[in-house]
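I opened this entry to keep track of what I looked up, in the order I looked it up. The sequence and model go first, my notes after.

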Amino acid sequence: MINMKLAEERGLDEETIEKIQLCQGFMDDVLSNPDMLIDDPMDVASCIEECEFKLQGLWGFEQSKKFHRYAFDVKWCRCPKIDNLEMAGWTDKRYINAECPYHGAFPAETWDDERFK
Ligand SMILES: [Zn+2]
């Protein structure tokens, strides 16, 4: 669900609200079932980033990585979530776990990677 009070405050029209709902819904699906929706696990991080930029644009906010906060909510991500949430809004730096199959030192190339078991 999107924040309708905020949508009203920002003067968003119905069409924009609908686009936000679609985009947010797609991103939520990707976060919970990345292996069902994206063929290549190496594309997951960029797909989420694209959704975040698109959402920022639809909301009429500055399109900046500094405010991104969903990247680490994706299933099987091993990066520190709370620490990264605290960074959002302050900097585009994020903490990475080297073992993470998406963001780590050795990204998984297929969904058969043992880190997805
Ligand atoms: Zn990660």
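**Confidence first.** pLDDT is the predictor's confidence in each residue, on a scale from 0 to 100. I checked the chain average and got 96, with 100% of the residues scoring at least 70. The model is predicted, so to speak of local features I need pLDDT of at least 70, and side-chain atom pairs count only at pLDDT 80 or more, while totals for chains, interfaces and linings use all residues. I number residues from 1 along each chain as its sequence is written.

**Layout.** I took helices (H or I, at least four residues) and strands (E, at least two) as DSSP runs, numbered from the N terminus. The chain has five helices and zero strands, so I wrote the order from the N terminus as α-α-α-α-α. Helix 5 (residues 81-87) has the lowest mean pLDDT of the elements, 93, and helix 3 (residues 34-37) has the highest, 98. I also had the span of the C-alpha trace along its principal axes, which comes to about 45 × 30 × 20 Å.

**Burial and contacts.** My cut-offs: a residue is buried if 20 or more other C-beta atoms lie within 10 Å of its own, exposed if 12 or fewer, and partly exposed in between, with C-beta atoms placed from the backbone. By that count, 16% of the 117 residues are buried. For contacts I used C-beta atoms, again placed from the backbone, within 7 Å of each other. Among contacts between residues at least 6 apart in sequence, 44% join residues at least 24 apart.

**Which residues make up the largest nonpolar core?** I call a nonpolar core a set of buried Ala, Val, Leu, Ile, Met, Phe, Trp, Tyr and Cys residues joined through C-beta atoms within 7 Å. The largest one has 10 residues: M27, V30, V44, I48, A71, F72, V74, C77, C100 and Y102. Helix 2 (14-32) and helix 4 (44-59) each supply at least two residues of this core. I then picked C77 and listed its contacts, leaving out residues up to four places away in sequence: F72, C100, Y102 and H103.

**Helix 4.** This helix has 16 residues and reaches 23 Å from its first C-alpha to its last, close to the 22 Å expected at 1.5 Å a residue. (Expected span here is 1.5 Å times one less than the number of residues.) Its buried residues are V44, I48, E52, L55 and L58. They cover an arc of only 130° around the axis, which puts them on the same side of helix 4; the arc is that of the directions from the helix axis to the C-beta atoms. In general, an α-helix has 3.6 residues a turn, so residues three or four places apart point the same way. What do the buried residues of helix 4 pack against? I found helix 2 and helix 3. Just after helix 4, G60 takes a positive phi of about 80°.

I put its C-alpha 9.6 Å from that of M27, 23 residues apart in sequence. D29 belongs to helix 2. With 12 C-beta neighbours inside 10 Å, D29 counts as exposed.

Is F61 buried or exposed? I looked in the loop between helix 4 and helix 5, where F61 lies: F61 is exposed, with 11 other C-beta atoms within 10 Å. W76 lies in the loop between helix 4 and helix 5 too, but W76 is partly exposed, with 17 other C-beta atoms within 10 Å. I flagged its phi, near 75°, as a positive value in a residue other than glycine. F106 is in the segment after helix 5 and counts as exposed, with 11 C-beta neighbours inside 10 Å. From F106 to M27 I have 24 Å, C-alpha to C-alpha, across 79 residues of chain.

How values were computed
Contact = placed C-beta atoms within 7 Å.
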